[in-house]
Amino acid sequence: MPGKDEHIRVLDFLEHGKSGQKDEPTAQGIGAEHYNLLEVVMRDEERPKGGEELYIGEGERDRVQYIKNKISYDDLTASAKSELKYVLQELIEEKEDEFVKFFNEATPVTPRRHAFELLPGIGSKHMQKLLDEREEKEFESLADVKERVPSLPDPKDTLVKRITNELKGDAKRNLFVGR
């Protein structure tokens, strides 16, 4: 069962909602914990900006009236899609410890594939180097990963691409979205 998000980061704000739908102030956002894409209806006079965090958990919500629905990547506005990369970069920076833990603890996902190989731009050589380096000493940060495996594509960009692929439905197995 996919995890529920307590907070979302705003990707776009539609003052009058989507065309053809009820005229209500709607924000599109991504869950800060499980990366679910959601549309929420804002309380009157609320005009959230891109990247802003909103509470959507149980109990009293000060700015959000209700969660309208879970949406797919294709339901995002063009503005929301372009904002997504920047919001994901911020979330990865804020939750760096969790992503470093992934690099320190990732295991094979099938007998023939390691979780590292599911990341864009990482093949068997990068995977082996990551495994060798973490066996020697755990990674301390994403910068440490980049420094010790210099041929690796930038870890933060790689994670942004992977999460985006999962949101688009391009991944057979999710490593981050909905967990």
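## Basis

This is a predicted model, with local features needing pLDDT of at least 70, side-chain atom pairs counting only at pLDDT 80 or more, and totals for chains, interfaces and linings using all residues. Residues are numbered from 1 along each chain as its sequence is written, and side-chain values use heavy atoms, without hydrogens or water.

## Strand β1

Strand β1 spans residues 7–14. Seven of its eight residues are buried (under 20% relative accessible area, 1.4 Å probe, protein chains only). Strands here are DSSP E runs of at least two residues, and helices are H or I runs of at least four.

β1 pairs with two strands (pairing needs at least two DSSP bridges). Strand β2 (residues 26–31) runs antiparallel to β1, joined by six bridges. Strand β4 (residues 53–55) is also antiparallel to β1, over three bridges.

## Helices α1 and α5

Helix α1 covers residues 78–94, and helix α5 covers residues 155–168. Their axes come within 10 Å and cross at roughly 120 degrees (lines fitted to C-alpha atoms over the stretch in contact; angles run from 0 to 180 degrees between N-to-C directions).

The contact (heavy atoms within 4.5 Å) includes Leu84, Leu88 and Ile92 of α1. From α5, Leu159, Ile163 and Leu167 are among the residues involved.

Conventions:
Buried < 20%, exposed > 50% of the residue type's maximum accessible area, 1.4 Å probe, protein only.
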